Amino acid sequence: MNLFDVYPINDITITKGRGSYVWDDKGERYLDLYGGHAVISIGHSHPYYVERITKQLESIGFYSNSIKIPLQQELAEKLGKLSGKADYQLFLCNSGAEANENAMKLASFFTGRKKIIAFSRSFHGRTSLAVAATDNAKIVAPVNETDNIVFLPFNDVDALEEYFAKHGNEVAAVIIEGIQGVGGIHVATTPFLQAIRNLCDQYGSVFIADSVQCGYGRSGKFFSHDHSGVNADIYSMAKGMGNGFPVGGIIIAPHIKPVHGMLGTTFGGNHLACAAALAVVEVMENEQLVANAEKIGNYLKAQLNAIPQLQNVRGNGLMIGFDVPDEYSALRKNLLLKHKIFTGEAKPNTIRLLPALNITSMEVDLFTNAVKEELLQ
């Protein structure tokens, strides 16, 4: 049996990871500034994380949600404290797409409506409703197409107000990434997020903050939407939540009440998943990684802005993108093959940086020196 070939892959086999570094099967070390799509939040193979998961696996790794799992409540309490959303409710699942799927479904249950507003360049996942709300026709199958999703221009307050004025009573939810990831590291403006909050309040719609990639401390605040001083009704989470273990979830404002059977999951919130998520939350708190993301992110942006060939350096915290002129289109490939540095991309010419939240200024310097070396050739 062959693998179903859906990804272009680099001819590299990673066998070990520690902190912000990974090693291949030939013993070559790479600096990881991408973290496997923003998944590695506390560094590869963090000792506390490994110990927490190992101890849990030695007792029990899984049982279903048909019994009490005290680790779930422990996670909810610690997550509420760290995020500043202690009065919210937690539903656990397994991935970002599943989190967004449940968020939109819950919003429809709550409002009794069908229309959901998403935005240009958005990416919310690959499951049925999540991919329908994703602005990429190439990955939306015919069966996923629906008139219930409306795409509006990103950061366009006038277009948003105009749509609500005409159709506001039909809108179940507005879903938005605080910083678009796959779309190219585009930051939602404060006036735009505040307009979403105000219009959702006015028309009884649900504000869904897709925080799968831009959340969990990566932006220098726990949720990137927090930079704008707004509270969403539902936040979706995954990626860095488990530091590589498949964990996802939504946190839900107290005015949205649960009903038995409206949401469900087999694997979500299992013992091992909770142990992984608890390890991440505890390391983030103990090592003050949200503050480090802000500090090192500011340093990284300053270093990048000092390189004149780079264009439009943007983002918050450790979710940073910049554009590369056509004459330097080989930069990302050369960083990987010549300098052994992993980065991400967004079409057509954006390099994305999503390192672990405990990256150091020394590792930032390794990267920026490599960029300078390539651009000066």
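1. Ground rules. Numbering starts from 1 along each chain as its sequence is written, and side-chain values use heavy atoms, with hydrogens and water left out. Since the model is predicted, local features need pLDDT of at least 70 and side-chain atom pairs count only at pLDDT 80 or more, while totals for chains, interfaces and linings use all residues.

2. Disulfides. Taking a disulfide as a pair of cysteine sulfur atoms within 2.5 Å, the count is zero. C93 is in no disulfide, and its nearest cysteine sulfur, that of C274, is 12 Å away. Seen from C274, the closest cysteine sulfur is in C93, and 12 Å is too far for a bond.

3. Burial of the two cysteines. C93 counts as buried at 1% relative accessibility, and C274 is also buried, at 1%. The cut-offs: buried is under 20% relative accessible area, exposed is over 50%, partly exposed is in between (1.4 Å probe, protein chains only).

4. Around C274. This residue sits in helix α8; helices are DSSP runs of H or I with at least four residues, strands are runs of E with at least two, and both are numbered from the N terminus. Leaving aside residues up to four places away in sequence, C274 touches L71, Q72, L75, L92 and G269, where contact means heavy atoms within 4.5 Å. C274 and E51 are 223 residues apart in sequence but 14 Å apart in space, C-alpha to C-alpha.

5. The sheet. Seven strands make an open, mixed sheet in the order β4-β12-β11-β10-β7-β5-β6; two strands pair if DSSP finds at least two bridges between them. At the edges are β4 (89-93) and β6 (149-152), each pairing on one side only. Inside the sheet, β10 (206-210) and β11 (234-237) run parallel, joined by three bridges, and D210 stands opposite S236 in β11. Helix α3 (70-83) packs on the sheet, touching β4, β11 and β12 (248-252), and its direction makes about 125° with that of β4. Axes here are lines fitted to C-alpha atoms, for helices over the stretch in contact, with angles from 0 to 180 degrees between N-to-C directions.

6. Helix α9. What sits on the buried side of α9? The buried residues are L289, V290, N292, A293, I296, G297, L300 and L304. They cover an arc of only 140° around the axis, so they lie on the same side of α9; the arc is taken from the directions from the helix axis to the C-beta atoms. Their packing partners are α8 (271-286), β13 (311-316), β14 (319-323), β17 (350-353) and α11 (361-375).
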